[in-house]
Amino acid sequence: MSTILVVTWDGGGNVPPALGIATELQHRGHRVRVMGHPAQRAQVEAAGLDFTPFRNARPFTATDSSTPVDYAGVFGDRGMGRDVVEELRREPAGLVVIDCILFGAMQAVAAAGVPYVVLEHMYDAYLVRRWLRGPMGLAMTVKRIPARRLLRSAAARVVACSAELDPAGRGRLPGNLHYTGPVVTGVPAAPTVPTVLVSLSTVNFPGQARAMQHILDALGTLGVRAVATVGPSIGIEHLTAPPNVQLRGFVPHAELLPTVSMVIGHGGHATTMVALAHDLPVLVMPMHPMLDQRMVGQSLVDAGAGRLLSKKAAPAAIAAAVTELIGDGPHRIAAARLGSTLRATSGAAAGADLIESVTASRAAA
């Protein structure tokens, strides 16, 4: 059995695939522990995994109001890298599984000579073609972090996404890149009445509260039932809901998705994929232009399983999109086809299989 250290950060949708694969590896008998921001302790330990918090990394929580400079500081955080190396000295690991945008930590692990696997929780097309070519990639260059070389040097890159939906999945792939599928589970939804689930990000994005209010106003004009889950980054107390919309705090999606007809989301990869795993079409309203949310939404539009609107969309435009998606039509057939495909493969098991193949090949070398 192998000893594996999983390095993650308090970013929201990046965490479920990391914990899903880590839990699968632990169930197979490997010694697995997770390192991340202190705010992640409860979530990690609830998954039954050992947790070690960063000590020297920049303070960060998903619910803080963070600027792009703050995010660049996290992604290129050399303090985080020192924490990881110190943890490896305290308890060595045969392999590090590290989040695909923690380049500061990735650079430290590479310099320490410890083999690592990169976990990509976003479309590879976005990471390589947009993120690394945009302001965040420039920030890594300024910090003298060779992000592309670090990706090439990984023992493997686990892309926890659908190759069909990822624009990069249709092209020639690097030798160390492997699609293992989203780490989600689901069942075909069976609503008894037309029902909408609204779930925006747990991250505090500018304008998100206003977008949520526009969604609530739109739903108030329609003959549907709706549930809107609202995190602390928005706050229920700042919203006015019509009688047909129930405002809730955190509720696991698995409790709600089997009984709804469609989802309105921000284009977070995890939320979008778990909606598809329940055969649900999705209206995507991206909340941040520097993240993969718009690409995720466009991939659903291209696949015929969703619609894409600006976060500044007026209630009338939102109502029109919901009216289209909540009924029967080709979008529902497309979502069901994608859902069937996602349910056919366990992303957690496939990711664990790939990581085990890496540890086995290195042990045999």
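Strand 12 (residues 282-284) and strand 13 pair in the parallel sense over 3 bridges, where pairing requires that DSSP finds at least two bridges between two strands, and where helices (H or I, at least four residues) and strands (E, at least two) are DSSP runs numbered from the N terminus. Within this pair, Leu283 has Arg307 of strand 13 as its bridge partner.

This is a predicted model, in which local features need pLDDT of at least 70 and side-chain atom pairs count only at pLDDT 80 or more, while totals for chains, interfaces and linings use all residues. Residues are numbered from 1 along each chain as its sequence is written, and side-chain values use heavy atoms, with hydrogens and water left out.

Both strands belong to an open sheet of 6 strands in the order 10-9-8-11-12-13, with parallel pairing. Strand 10 (245-248) and strand 13 (306-308) are at the edges with a single partner strand each, so one side of each has no neighbour in the sheet. From one strand to the next the twist averages 15 degrees. Helix 12 (residues 293-303) packs on the sheet and touches strand 12 and strand 13, its direction making about 135 degrees with that of strand 13; axes are lines fitted to C-alpha atoms, for helices over the stretch in contact, and angles run from 0 to 180 degrees between N-to-C directions.

According to the unreviewed UniProt entry, the annotation "domain: Erythromycin biosynthesis protein CIII-like C-terminal" covers residues 214-340, although such annotations may be inferred rather than shown by experiment. Over residues 214-340 the chain is 41% helix and 15% strand, with the end C-alpha atoms 32 Å apart.

Two residues are set side by side below; buried means under 20% relative accessible area, exposed over 50%, partly exposed in between (1.4 Å probe, protein chains only), contact means heavy atoms within 4.5 Å, and neighbours within four places in sequence are left aside.

Thr272 lies in helix 11 (residues 269-276), whereas Glu91 is in the loop between helix 4 (78-90) and strand 4 (95-99).

The largest nonpolar core has 106 residues, and Leu219 and Leu283 are among those with the most contacts inside it; such a core is a set of buried Ala, Val, Leu, Ile, Met, Phe, Trp, Tyr and Cys residues joined through side-chain atoms within 4.5 Å. Because domain 1 (3-181 + 345-364) and domain 2 (195-343) both give residues to this core, it lies between them.

Key
Domain bounds come from an automatic or database domain assignment.
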